[in-house]
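Subject: Structure for you to look over

Dear colleague,

I am handing over the structure below, and I would be grateful if you could read the notes that follow with it open beside you.

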Amino acid sequence: MNGAAARAALRRQLDRGLVLAPGIYNAMFARLVEDAGFTCAYMTGFGTAARYGVADVGLITQTEMLANVRAICAATTLPVIADADTGYGNALNVTRTVRLWERAGAAALHIEDQVFPKKCGFMRGKQVIPLDEAVAKLRAALDARNDGLVVIARTDALAVNGWDDVIARTRAFADAGADLVFVDGIRTRDDLTTYANELVKTGLPCLYNGALDSAEAERLGFKIQILAGLALGAVHNATTAAMEALRDTGSADAVLADYGALR
Amino acid sequence: MSVGGDLRARLAAGMVVAPLVYDGLTALIARRAGFDACAISVDGVAAQRGVDPDLLELAEVTDVVRHVADAVSFPVIVEAPRGVRDARHVARCAAEIESAGAAGLHVDTSADGLRAALDARIDPAFVVIARTRLHDHDDWSRVLARVHALRAAGADLVYVDGLDGGTVLDYCARHVAQHGPTACGGSMSTTLTSALGFALHFAGAGHALSIAAVRDALARVRRGDETDRRDQLKFDEITSLLGLDDVYDLEARYATDPTKGR
């Protein structure tokens, strides 16, 4: 879809209620999200790295991520929320990233406060940059957009510094003008409750990355829910079963039949 | 040994089963399951990129070949893009696919086109497979004539595409596979094709299964059905497959003390 139209569509959806965005990492899966009747898709950096056969630890470059944003946005009329990692450097790099993502057709992106090179939000060994630097990068992102791109400020501080720092960071991001904030690395029910009570209920527009039932995520007041690992999990499990069946029985047909895909 | 030489050694040892993959992840899953080669098809790459298979470009194929070959250390066999038939195109295609890291390619071309591919090799061990399609009601004498011409031109293997098992497969085995190195593709059992004397089988569920699995997972979310969790992300299994343990090892090996050397 035309980028500006997709961005306007996403902003309308955000006014109406929870936006549920299944995670995909190629153009083929983006079409399936649209076919299934969803209104938004999420491009995962973890999945994009997996597509290249590497772990999500900052090895994938801005160029490689951009190629995937472009292919995915070209394949669907849905608004696409695209992972932009750390923005691939400092505020200057963020400026370029935002322009490139916007031109590629993204409706939204998220930029996080990890030290570059980053790690997936659920991996050990993450580090975060100082809050003032994170805010400066966010301001660079907001200044660089020129066509309604939804800018989501992500913090990875939960695993590093705990909730007090997360609350300070997300409030600073909202004050600086972030459209939404995103606390990544929510693993437990307690963390989810804290996220809802300390941030969502104070009026901060929040993104939730997790597999909680979407009706409940909406009840808690989240504005966006991403199912980041949806396509990746499905592909990994099905392909593993098929490869093992091929190895053990000489044919993957039983697995194809199990998924209703036998030609 | 070069990847081409590696593929030749594996072909010499018995039938090679090359499962269809379309990205780094699916190639790594094939390797983890114990396969020692994989195949990249035009349909798989085109689907993944959201492009009509007839319009898929060489650069789009080599991009995938490069990251698949980088992710797995075993031989990758690649289908040349559609419409690449004349000698100049075939030559460039073979050179590009080889330099992207493939061990071999298969291409539907004439004897002249095949000779161009053979001449374009950088490594003489790079495996050039001549594909010929078995059409419905094809006259076998014409198929056998094509096979003969392609072998005479120097094809390392001939790939008879369009065999779905049954009597056609038996006929092809008797008249083609038992006379020279022959590849096949399709869902018939690899136990059968191995017994029939084929040298290489492009097999597996490829991108079609991924489409079905993702469709299934999306439908489950739409239904709000939390009971069927076959799409559940096995985080540790996937990150380990993608080499996260090596990443931590490398970080430890090259760690420096930031307080020193300033």
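In the residue classes used here, Ala, Val, Leu, Ile, Met, Phe, Trp, Tyr, Cys and Pro count as nonpolar, Asp, Glu, Lys and Arg as charged, and the others, Gly among them, as polar. On that basis, the lining of the second largest pocket divides into 11 nonpolar, 13 polar and 9 charged residues. Please keep in mind throughout that this is a predicted model.

To stay with that pocket, its volume comes to about 720 Å³, and among the 33 residues that line the second largest pocket, B:Leu20, B:Tyr159, B:Asp161, B:Gly185 and B:Gly186 are the closest to its centre. At least two lining residues each are supplied by strand 5 (127–133), strand 6 (157–161), strand 8 (200–203) and helix 10 of chain B.

The largest pocket holds about 940 Å³ of space, and of its 42 lining residues, A:Asn209, A:Gly210, A:Ala211, A:Ala228 and A:Gly229 lie nearest the centre. Two or more residues of this lining come from each of helix 3 (45–51), helix 9 (189–199), strand 7 (206–209), strand 8 (224–227) and helix 11 (230–249) of chain A, and likewise from helix 10 (206–223) of chain B. By class, the lining of the largest pocket consists of 18 nonpolar, 12 polar and 12 charged residues.

Turning to the interface, 57 residues of chain A are in contact with 61 residues of chain B. The accessible area lost when the parts come together is often used to give the size of an interface; for chain A and chain B, the buried area is about 5000 Å², with 68% of it on carbon and sulfur atoms.

Across this interface the rule finds 1 salt bridge, and the side chains of A:Lys119 and B:Glu251 meet in a salt bridge with an N to O distance of 2.6 Å. Polar contacts across the interface of chain A and chain B involve 16 residue pairs, with both residues at pLDDT 80 or more.

On the side of chain A that touches chain B, strand 1 (19–24), helix 2 (27–35), helix 3, helix 11 and helix 12 (253–258) of chain A each supply at least two residues, and the largest share, 17 residues, comes from helix 11 of chain A. The residues on this side of chain A divide into 35 nonpolar, 12 polar and 10 charged.

With best wishes

Note on methods. Residues numbered from 1 in each chain as written. Chains lettered and ligands numbered in written order. Predicted model: local features only at pLDDT ≥ 70, side-chain atom pairs only at ≥ 80, totals over all residues. Heavy atoms only, no water. 1 Å grid on protein atoms, 1.4 Å probe; cavity = no way out; pocket = protein on both sides within 12 Å on 5 of 7 lines; lining within 4 Å. Points joined across faces, edges and corners; volume = space filled by probe spheres on them. Helix = DSSP H or I, 4+ residues; strand = E, 2+ residues; numbered from the N terminus. Contact = heavy atoms within 4.5 Å. Buried area = accessible area lost by both parts, 1.4 Å probe. Salt bridge = Lys/Arg side-chain N within 4 Å of Asp/Glu carboxyl O. Polar contact = N/O pair within 3.5 Å; in protein donor to acceptor, adjacent residues only side chain to side chain.
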